[in-house]
Amino acid sequence: MEQIVLSIIRKYGSDANRLMDMLIDLQEQFGYISRQAVALLAHNLGLSQVDVEQTITFYHFLSTKPRGKYAIYLNNSAVAYMFGRQAIKEAFEKEVGIAFGQVTDDGLIGLFDTACIGMNDQEPAAIINNKVFTRLTPYRVKEIVRHMRQGLSLDELVNESYGDGKNQHPQLKAMVSSNIRRKGMILSDLYSMGKVTKEILPGMSPEAVIAEIKHSHIRGRGGAGFPTGFKWEFCRRAKGAKHYVVCNADEGEPGTFKDRVILTEKPELVFEGMAIAGYAIGGDEGILYLRYEYRYMKNYLESVLQHMRDEKLLGSNIAGIEGFNFDIRIQFGAGAYVCGEESALLESLEGKRGEPRDKPPFPVEKGYLGLPTIINNVETFATAVRIIENGGEWFTQFGTEDSTGTKILSISGDCMFPGVYEVNWGFNVEDMLDMVGAYDVQAVQVGGPSGTLIGPAEFHRTLGYSDLSTGGSMIIFGKQRNLLKDVVLNFMEFFIDESCGSCSTCRNMPQVMRNKLLKILKGKGVTSDLADLQNWGKVLLASRCGLGQTAANPIVSSLKNFRHLYEDLLQKDVEFDQGFDLETSVQGSCKYVGRIPKFHNH
Ligand code: SF4
């Protein structure tokens with residue numbers, strides 16, 4: 001074991017900043033990270049054992065205890081439940097003979113829950129080790145477990161049913177489907193790899209590239225909507241020994257999966273966009289930060305990068321431009337929604353817990369390793385290529401005045417054609433529902449749990465930064481769904497699970513609000529509970545990062561747009577609160593994140 005650990009440390013240059021890579025390799029090799037491995041890592045990287053352990057314990061897919069030769073992670077998102085997750089859970093428990101959270105005595109199989117794995121259009125789905133299994137049925141579960149007991153490899157388990165498009169690529173061979181339903185400038189077949197880099201870039205200065213991006217008025221596609229051209233310009237001006245380009249492919253917002261599809265079907269477009277960004281800011285290195293849930297793409301994406309190096313689209317003096325040296329590596333996360341926040345992502349890239357940094361300074365000045373860094377979303381980099389190819393002016397003809405271009409949506413839930421749709425910004429929700437075959441719709445969750453839940457009275461609204469802003473997740477709920485119990489409660493539990501625990505607001509309030517919601521769902525609620533929920537939601541706005549600031553949204557937006565659902569559950573003629581213990585709720589939340597509070601007895 002010692003020799004394997006040491007060889008993994010050497011593989012990453014004994015660089016403590018690459019701790020995440022080392023931990024993931026160890027987890028995959030041994031099924032857990034032993035005390036001995038922790039000690040070896042600490043000793044050889046100049047870290048304390050506590051440093052190593054605190055990184056391990058932050059991430060869902062890392063563990064200091066064995067997770068089983070086959071570690072099964074079943075998605076527990078709201079949409080997974082809508083499409084039969086409970087039956088799949090029960091089937092696994094019956095076939096394996098253990099409950100979720102346990103490992104079989106012989107160490108063969110472990111069962112675990114996990115948050116949305118980016119497969120909402122093909123649920124129920126699970127990750128087994130690093131392979132994705134989609135559209136599970138109880139019968140398929142029985143087969144999978146039987147084959148595991150027979151010692152079949154995961155490749156043998158997947159090979160009966162590859163998905164569509166490039167999921168069938170020899171380096172990918174994934175059961176996943178891309179489900180592209182509508183193509184626009186990003187997903188169209190018009191892109192030709194390297195054309196922009198070889199034919200257009202040599203005639204443009206870095207400043208001209210930034211000017212064109214600014215002229216397009218493109219805003220970051222990750223959700224925050226910061227103007228991309230300004231970000232690149234700030235970074236170019238920032239002083240530093242090196243400049244970095246980071247692609248945020250940590251799409252963890254439940255319901256979003258379009259980055260997975262772009263990276264499957266158009267990875268060259270994303271990598272070329274990163275290289276163009278590198279040219280613009282004077283960057284030396286690009287890093288694709290890819291969520292662990294997409295680990296199955298590793299070999300495929302590595303092969304694409306190698307192909308681009310062979311084609312001289314990455315490497316030294318790219319496209320014959322003297323001094324344009326740029327290459328890209330892939331670094332994986334290990335399961336933490338908060339790492340989608342750019343400063344948390346940087347911490348993770350540096351081998352630490354993904355706890356968001358205080359801002360300023362912003363990453364464009366002090367980012368990866370304290371050096372100027374731009375962090376953009378997968379879709380943003382892909383779009384940048386089309387802008388440089390066709391011009392910023394061309395781009396502005398698509399979309400609306402304040403939201404130019406197209407937006408790729410991940411649409412799931414109660415509709416006939418879940419999948420990925422590229423539409424112009426300004427698209428109307430009503431048209432979207434018609435497009436995807438959604439009827440008798442009760443509500444649409446726009447932008448995932450951190451977004452907003454709208455009802456039919458708002459379906460006239462349009463997608464755009466000045467109206468319904470979205471990073472791309474659109475979940476449709478039919479009239480048969482219990483919105484509070486099946487959706488809002490699930491979303492609140494997601495935020496409780498994913499809080500990094502740094503801020504007392506974000507550590508406590510989602511759990512306190514969840515408990516109040518449970519009280520209402522049990523028929524114990526009174527009118528003043530609704531005011532409590534509203535007021536407590538405001539407290540969360542004081543949190544340090546977007547996760548905490550939006551963690552109350554499932555309750556706040558459902559309370560605003562579906563107040564009658566709450567009111568129908570309240571006790572009539574009962575004025576005062578009962579059956580809710582605030583102190584117990586806070587204690588529970590502190591224990592959840594491993595911080596034991598001291599309460600005084602009154
Ligand atoms: Fe961590 Fe939540 Fe605070 Fe963000 S808001 S830093 S996730 S505790």
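**Surface, core and salt bridges of a predicted model**

At 38% relative accessibility, F234 counts as partly exposed, where buried means under 20% relative accessible area, exposed over 50%, and partly exposed in between (1.4 Å probe, protein chains only). The structure is a predicted model, in which local features need pLDDT of at least 70 and side-chain atom pairs count only at pLDDT 80 or more, while totals for chains, interfaces and linings use all residues. Residues are numbered from 1 along each chain as its sequence is written, and side-chain values use heavy atoms, with hydrogens and water left out.

F234 is located in helix α11 (residues 228-237); helices (H or I, at least four residues) and strands (E, at least two) are DSSP runs, numbered from the N terminus. Together with F226 and F230, F234 makes a nonpolar surface patch of about 280 Å². Patches are made of residues with over 30% relative accessible area and no salt bridge, with like charges joined within 9 Å and nonpolar side chains (Val, Leu, Ile, Met, Phe, Trp, Tyr) within 5 Å. Accessible areas come from the Shrake-Rupley method with a 1.4 Å probe, and for residues only the protein chains shown count as cover.

In soluble globular proteins, nonpolar side chains tend to be buried together. A nonpolar core is a set of buried Ala, Val, Leu, Ile, Met, Phe, Trp, Tyr and Cys residues joined through side-chain atoms within 4.5 Å. The largest such core in the model has 152 residues, and V209, W232 and Y566 have the most contacts inside it. Helix α13 (residues 267-281) supplies the largest share of this core, ten residues. When neighbours within four places in sequence are left aside, V209 is in contact (heavy atoms within 4.5 Å) with L201, M204, W232, I276, Y279, A280 and I388. A second, separate core consists of 24 residues, including L74, F92, F133 and L154.

Salt bridges were defined by a side-chain nitrogen of Lys or Arg within 4 Å of a carboxyl oxygen of Asp or Glu. By this rule the count comes to 41 salt bridges. In one of them, K214 is paired with E233, and the closest N and O atoms are 2.9 Å apart. This pair links distant parts of the chain, with K214 in helix α10 (residues 206-216) and E233 in helix α11, 19 residues apart. K214 is partly exposed at 27% relative accessibility, whereas E233 is buried, with a relative accessible area of 16%. A salt bridge is also formed by E342 and K231, whose closest N and O atoms are 4.0 Å apart. Because E342 lies in helix α15 and K231 in helix α11, the pair ties together parts that are 111 residues apart in sequence. K231 counts as buried, at 14% relative accessibility.

The side chains of D414 and R481 likewise meet in a salt bridge (2.7 Å, N to O). D414 is in the loop between β10 (406-413) and β11 (419-424), and R481 is in the loop between β14 (473-478) and α19 (483-498), so that distant parts of the chain, 67 residues apart, are linked. D414 is buried with a relative accessible area of 14%, and R481 is buried with one of 19%. A network of salt bridges links K11, D25, E28 and R295.

Apart from neighbours within four places in sequence, S77 is in contact with C116, N120 and N490.

Backbone geometry was also examined. Most residues other than glycine have a negative phi, and most peptide bonds are trans. The peptide bond from E123 to P124 is cis, with omega near -5 degrees, and P124 lies in the loop between β2 (109-114) and β3 (126-128). A cis peptide bond also joins P360 and P361, with omega about 5 degrees; P361 belongs to the loop between α15 (342-349) and β9 (373-377). K312 has a positive phi, near 65 degrees, and is exposed, with a relative accessible area of 57%.
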